[in-house]
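Look over the sequence and the fold before reading on. The paragraphs below go through a helix, its neighbours and some side-chain pairs.

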Amino acid sequence: EKIVGISREEALRQPIWDIQYRAAAQAFDSAQYERIKAAILDAIRTGESPLFNRQIEAVVSHPEGQTKYLQQSVFPIRTEKGWRLGSVVLDITEHKQAEEAVRRSESFLRALLDATTDVAFLMSRDGTLLTLNEALARHTGKTVAEVIGANGFSFLQSDLRAKRQSRFEQVLETGQPARWEDESPTGIWDNNVYPILTPEGTVDAFAVY
């Protein structure tokens, strides 16, 4: 009743596809709507269907104008009168909205990183590159996608790697930003490291440029 926005009494007089998938009409074309309807009818008739053993996601429009995201599991039930269809539907709207917020945040961060010609990246405590801009990728000779997940220290020569690791350890210990200059085969670098803190105040990752 809460998800689809109709009363129990009204729902009991209608086929499930007219209740749930009619509300989802904006997310399905007519051909897909008919395929879903046919799959449900076939599942009730035979007790077998590709609908089973997987989770189905759908988008429905609530009469009050809200968009709801649903995750549905479907399973067969054998009775004396033949097959019936059981289903559990979860409202995953908040989860989907959180995913979208993260996606938008990541796209904004990507735009911000690539707006600078300086090397800029986020790195975990153990050196894993979480995200980076095109400027850093060019220095490694790889694409951004290829570099994400690599260890940021692995691209450095051993002596420079040891020096920079000690600087990052200092930021871990103090929780304070650090800035220093050093030299590599590609030039002289002005390094700026800022700790990203957890709510408890411990260093969770580093923002570097």
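Helices (H or I, at least four residues) and strands (E, at least two) are DSSP runs, numbered from the N terminus. The model is predicted: local features need pLDDT of at least 70, side-chain atom pairs count only at pLDDT 80 or more, and totals for chains, interfaces and linings use all residues. Residues are numbered from 1 along each chain as its sequence is written, and side-chain values use heavy atoms, with hydrogens and water left out.

Begin with helix α7, residues 158-174. Just after α7, Gly175 has a positive phi of about 70 degrees.

Which residues of α7 are buried? Buried means under 20% relative accessible area, exposed means over 50%, and partly exposed is in between (1.4 Å probe, protein chains only). The buried residues of α7 are Leu160, Arg164, Phe168 and Val171. Seen down the axis of α7, they fall within an arc of 65 degrees, so they line one face of the helix; the arc is that of the directions from the helix axis to the C-beta atoms. An α-helix has 3.6 residues a turn, so residues three or four places apart point the same way. On the face of α7 turned away from the buried side are the exposed residues Ser158, Lys163 and Glu173.

What do the buried residues of α7 pack against? They pack against β4 (121-124), β6, β7 and β8 (203-208), where contact means heavy atoms within 4.5 Å.

Aromatic rings come next. A pair of aromatic rings is described by the distance of the centres and the angle of the planes. Rings of Phe, Tyr and Trp (its six-membered ring) pair if their centres lie within 6.5 Å; planes under 30 degrees apart count as stacked, over 60 as edge-to-face and the rest as tilted. The structure holds 4 aromatic pairs. In one of them, the ring centres of Phe168 and Phe206 are 4.9 Å apart and the planes are at 80 degrees, so the pair is edge-to-face. Phe168 belongs to helix α7 and Phe206 to strand β8, so this pair ties together parts that are 38 residues apart in sequence. Both Phe168 and Phe206 are buried. Tyr194 and Tyr209 form a stacked pair, with 6.4 Å from centre to centre and 10 degrees between the planes. Tyr194 is in strand β7 and Tyr209 in the segment after β8, so parts 15 residues apart in sequence are tied together. Tyr194 is partly exposed at 38% relative accessibility, and Tyr209 is partly exposed at 43%. Phe153, Phe168, Trp180 and Phe206 form one aromatic cluster.

Side chains of opposite charge can pair when their charged atoms come close. A salt bridge is a side-chain nitrogen of Lys or Arg within 4 Å of a carboxyl oxygen of Asp or Glu. The side chains of Asp182 and Arg164 form one, at 2.9 Å from N to O. This pair links distant parts of the chain, with Asp182 in strand β6 (residues 178-184) and Arg164 in helix α7, 18 residues apart. Asp182 is buried at 12% relative accessible area, and Arg164 is buried at 13%.

Asp182 has a further partner. The side chain of Asn191 makes a polar contact with the side chain of Asp182 at 3.2 Å. A polar contact is a pair of N or O atoms within 3.5 Å; within protein, one must be able to donate a hydrogen and the other to accept it, and residues adjacent in sequence count only if both atoms are side-chain atoms. Asn191 is in strand β7 (residues 187-197) and is buried at 9% relative accessibility. Leaving out residues up to four places away in sequence, Asn191 touches several residues, including Arg164, Trp180 and Tyr209.

The structure holds 7 salt bridges. Another of them joins Lys96 and Glu57 at 3.0 Å from N to O. Lys96 is in helix α4 (residues 93-114) and Glu57 in strand β1, so the pair ties together parts that are 39 residues apart in sequence. Glu57, Lys96 and Glu99 are linked in a network of salt bridges.
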